[in-house]
Every structure is written in structure tokens, then in C-alpha cells.
Amino acid sequence: MSITKTFERKEILQAILIADAHNDNLQPFTNTKPLALLPIANVPLINYALETLNRNGVEEVFVYCSYHTDQVKRYIHLRQVTRCTWSINMKVSIVSSGPC
């Protein structure tokens, strides 16, 4: 008697989130903090984006940033440790590169 295991192939919904811009539009504010961490109503912009992606079924997000990468990594890690709502069913990875 052989037991045949069948595996379902599940497609994972992924997204790429660009966490910083390569322009000078918000220059005095983005000198020390990345665009993604600028607050709107005391909540960083990236939090709104990740929450929206999570509510729409995205399971894996790649966050791209090139400036102030350490701050973005620290914020994402802190939010994952505190188990905020978007971090429960979603994996977030940071992709970074140095400035040109």
C-alpha cells in the first residue's frame, strides 16, 4: 500500500516597495531620514503602504532603498518584533544598494 502525497502549488503574491526617491523635492526633510520614514499624521509613510499591501493579500514584500538603509532596516525589524498588523501574514525583505 503506497501513500501518494500530492502537493499543491500555491502562488505567492509579491510586491516591490520603493522606500526612497532619488530627487531633491523634499530635501531638507530627507537629509537625515529616508522618505519612507517621513510621518503623515505621526505614522511613517512606509507603514501605510505595508498595511495596504497586507490587507490586499500580498504575502511577500521587497523594500528597495539606497539612502539611510540602516534606518529603514531598523524600523522594519522593530515593527516585526512588536508584531504590528502588517507583519503577521507578510514577509518583508530589504534590498539595498549604495548611492551612485
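This is a predicted model: local features need pLDDT of at least 70, side-chain atom pairs count only at pLDDT 80 or more; totals for chains, interfaces and linings use all residues.
Residues are numbered from 1 along each chain as its sequence is written. Local features need pLDDT of at least 70, side-chain atom pairs count only at pLDDT 80 or more, totals for chains, interfaces and linings use all residues, and side-chain values use heavy atoms, with hydrogens and water left out.

The protein contains 3 helices and 5 strands; these are DSSP runs numbered from the N terminus, with helices being H or I of at least four residues and strands being E of at least two. Along the sequence their pattern is β-α-β-β-α-β-α-β. Of the 100 residues, 31% are buried, where buried means under 20% relative accessible area, exposed over 50% and partly exposed in between, with a 1.4 Å probe and protein chains only. The accessible surface is about 7,400 Å², and carbon and sulfur atoms hold 56% of that surface; such areas come from the Shrake-Rupley method with a 1.4 Å probe. Among contacts (heavy atoms within 4.5 Å) with a separation of 6 or more, 73% join residues 24 or more positions apart.

An open sheet is built from 3 strands in the order 1-4-5, with parallel pairing. Two strands pair if DSSP finds at least two bridges between them. Strand 1 (14-18) and strand 5 (91-96) are the edges; each has a single partner strand, so one side of each has no neighbour in the sheet. On average, neighbouring strands are turned by 20° against each other, direction ignored. Axes here are lines fitted to C-alpha atoms, for helices over the stretch in contact, and angles run from 0 to 180 degrees between N-to-C directions.

Strand 1 and strand 4 are joined by 5 bridges. Here Q14 has E60 as its bridge partner in strand 4, and I18 is opposite Y64. V61 is partnered with V92 of strand 5, while Y64 stands opposite V95. The chain passes from strand 4 through helix 3 to strand 5 in a right-handed β-α-β crossover: with the strands pointing away from the viewer, the path from the first strand over the helix to the second runs clockwise.

In a regular strand, side chains alternate between the two faces of the sheet. In strand 1, A15 and L17 form the covered face, whereas Q14, I16 and I18 form the uncovered one.

Helix 3 (residues 69-81) lies across strand 4 and strand 5, at about 170° to strand 5. Helix 2 has the buried residues I46, N47, L50, E51 and N54. Seen down the axis of helix 2, these residues fall within an arc of 130° and therefore line one face of the helix; the arc is that of the directions from the helix axis to the C-beta atoms. Their cover includes strand 1, strand 3 (43-44), strand 4, helix 3 and strand 5. Just after helix 2, G57 has a positive phi of about 90°.
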